[in-house]
Amino acid sequence: MSSVKLSQLVKKYGNLEVVKAIDLEVQPHEFVVLVGPSGCGKSTTLRMIAGLEEITGGSVSIEERVVNRVAPKDRDVAMVFQNYALYPHLNVAENIAFGLRIRKTPKAEVTTMVAEVAEILGLTDYLHRRPAELSGGQRQRVAMGRAIVRHPKVFLFDEPLSNLDAKLRSQMRAEIKRLHKRLEVTSIYVTHDQVEAMTLADRIVVMNDGIIEQVGTPMDLFLNPANTFVAGFIGSPPMNQLPARVGGTAEAPTAEIADQLLPLPPLPELAERIGAQVTVGIRPEHANVHKQGTNPIKVELELVETLGSEALLHTTLAEKPFIIKTETEGYYDMLHDVSSFTVNTDQVKVFDADTGRVFGQGAA
Amino acid sequence: MEKETRLQRIIFHLRREWQIYAMLLPTIIWFIVFLYKPMYGLQIAFKDYSIFRGVAASPWVGLEHFEHLFSNDQFIRAVWNTIKISALNLVFGFPAPIILALMFNEILHATYKKTAQTIVYLPHFISSVIIAGIVITAFSPSVGIVNTVLGWFGIDSIYFLTKPEWFRPIFVGTGIWQEAGFGSIVFLAAIAGVNPSLYESAVVDGANRWQMMWRITIPSILPTILIMLIIRIGNIMEVSFELIILLYQPATYETADVVNTFVYRQGLQSGRYDFAAAAGLFNAVVAFVLVMVANTLSRRYSRTSLW
């Protein structure tokens, strides 16, 4: 049984189709993150699940019940908004209790439930303050408290951390993760920040231009991106992508990048494409500048960005930017002399130059 | 040293922002010429003023005019009438635009909403003279629509505008008809400023439209309501003078004569400028005290104030 199911879900504004027939199943207790660039339809999808947007086509089911025509309040979902949506004229306790009051929960019960939630979120000392007297992180906690107190079937988060500064964001990220572990409520979380997606999600849904590009665990998306979009979106910095021509033989294919040769994994798709254009993908982390391997690829170093334990080497390869991520420990002095790297052949990804689809992953 | 630097700072500021101060200048001049300079003439309230001797040369008489004023039955009646009419205006006239704004906010059909808004804004743009003409015609005992409708139910014609007991309801009602629509614009603007995600969040929490109005819209526009209320209380002594002059007649003085019309009759019609100035000054002082009190109370209890 899935907790939330989207079937062929469509949203159109006039002629503009912002969500294009997407399918998704969210399992009970799962934490799913919808991630993608601005305007990819992720927030619209979330709002359709909440019932704040009309569904143009397809269906949304919550615990096996189609809720297309069900009012938001009867869907048993709770939503946390980007700008907190706290009522400025109510104090923290009243804000948390708002949904319960609306549902005419007995007063004594409301008081205990609010106290319980405040305890979980560390808001006990602030219950009588108004939102204006709270910091951004505290406000976001109140917003979450308002969602938690109702014990909904599903939590919906709409970019809840984007109004916070970087330090607070990583703190709140950990807090959300802890909260999910404790409450185990099915959660759907929208963000444009891939770091947030990687750290929070059980599964990530990468969206782009109204469609789902790939669904998978964070490591799955990182190691096996289904296409060039996902490869360019997940990872920090993202995967390097270079145009190349397939050469060599079916058993030992190579990529011809300008005048250099890079061995490719012997994928069946490549055997039919000797001489064709492809896109070669190499993660910045997989390019090794310390080990002397067999076929070193020459690069021109332009800039060394030191981050502490790691450094980013901005180089060019065949007139395209190519970033290498490497450790600094014990190598710092030689980083400025880097002129080539090696890479494990099985870590090289090959994508169709036209469709952007990766080779070697079947129909995934 | 401290003072000098402060002066320097002001001069530096004036120099840097002179364009902004230049834009402020016409308003300041207007205030000086039309509101502050005439205050010089206020002294005639304490003088035996004669237009031949002029303001400066007229002899001082102390509080004589005020003594006359407070022993004048007509003036006392005018003060009470002012207070009663204003109180009715406040009770019925103040909530009217708020209720209108809340109602407009609930209309979803755009064309219908715009049409309704235009219709209620319109009377504001009509001159009071014409408004009074419409009211007089509507309540006319012979051709008025009101008496015609009453006639259908077998009720005899009522001479509304000559009956003191009808003056206040008609006056307050006319004021609401004329200004409630236009007054609702301020509250509509305040409603438009409410963060939409508050409503979305409330929808997910299960609130219906009625609950959203009471628990979100009204509390959110409360500061605006309070500011408008302060202004309104400050103007309590300023009953719409034109409309009273146009609608009242000696038969209805008993309920219709307010301080402003009293001042007008004494000063301009009877030529008792000093006496009228005393009445007007009294009015202004009361109004000033009311604004101060309302503002202080509002600041203390709701953290909203004009200044």
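**Aromatic pairs in the predicted model.** Over all chains of this predicted model, a search of the whole structure finds 23 aromatic pairs. One of them joins B:F46 and B:F66, whose ring centres lie 5.4 Å apart with 35° between the planes, a tilted arrangement. B:F46 sits in the loop between α2 (18–36) and α3 (54–57) of chain B, while B:F66 belongs to helix α4 (residues 64–70) of chain B, and the two are 20 residues apart. B:F46 is partly exposed at 27% relative accessible area, whereas B:F66, at 12%, is buried.

**The pair of B:F70 and B:F282.** The ring planes of B:F70 and B:F282 stand at 80° with centres 5.2 Å apart, so the pair is edge-to-face. It connects helix α4 of chain B, which holds B:F70, with helix α16 (residues 273–302) of chain B, which holds B:F282; the separation is 212 residues. Relative accessibility is 42% for B:F70, which counts as partly exposed, and 22% for B:F282, also partly exposed. Ring pairs join B:F70 and B:F282 with B:F75, B:F262 and B:F275 in a cluster.

**Contact of helices α5 and α6 in chain B.** The axes of α5(B) (residues 73–93) and α6(B) (residues 95–106) come within 6 Å and cross at roughly 10°, which makes the helices roughly parallel. B:L90, B:V91, B:F92 and B:G93 of α5(B) meet B:P95, B:A96 and B:P97 of α6(B). Six of the contact residues are nonpolar, one is polar and none is charged.

**The sheet of chain A.** Four strands form an open sheet in the order β2-β1-β4-β5 (chain A), with antiparallel pairing. Its edge strands are β2 (16–26) and β5 (65–66) of chain A. Helix α1 (residues 42–50) of chain A packs on the sheet and touches β1 (4–13), β2 and β4 of chain A.

Key:
Residues are numbered from 1 along each chain as its sequence is written. Chains are lettered from A and ligands numbered from 1 in the order in which they are written. This is a predicted model: local features need pLDDT of at least 70, side-chain atom pairs count only at pLDDT 80 or more; totals for chains, interfaces and linings use all residues. Side-chain values use heavy atoms; hydrogens and water are left out. Two strands pair if DSSP finds at least two bridges between them. Contact means heavy atoms within 4.5 Å. Axes are lines fitted to C-alpha atoms, for helices over the stretch in contact, and angles run from 0 to 180 degrees between N-to-C directions. Angles under 35 degrees count as roughly parallel, over 145 as roughly antiparallel, 65 to 115 as roughly perpendicular and the rest as oblique. Ala, Val, Leu, Ile, Met, Phe, Trp, Tyr, Cys and Pro count as nonpolar, Asp, Glu, Lys and Arg as charged, and the others, Gly among them, as polar. Rings of Phe, Tyr and Trp (its six-membered ring) pair if their centres lie within 6.5 Å; planes under 30 degrees apart count as stacked, over 60 as edge-to-face and the rest as tilted. Buried means under 20% relative accessible area, exposed over 50%, partly exposed in between (1.4 Å probe, protein chains only).
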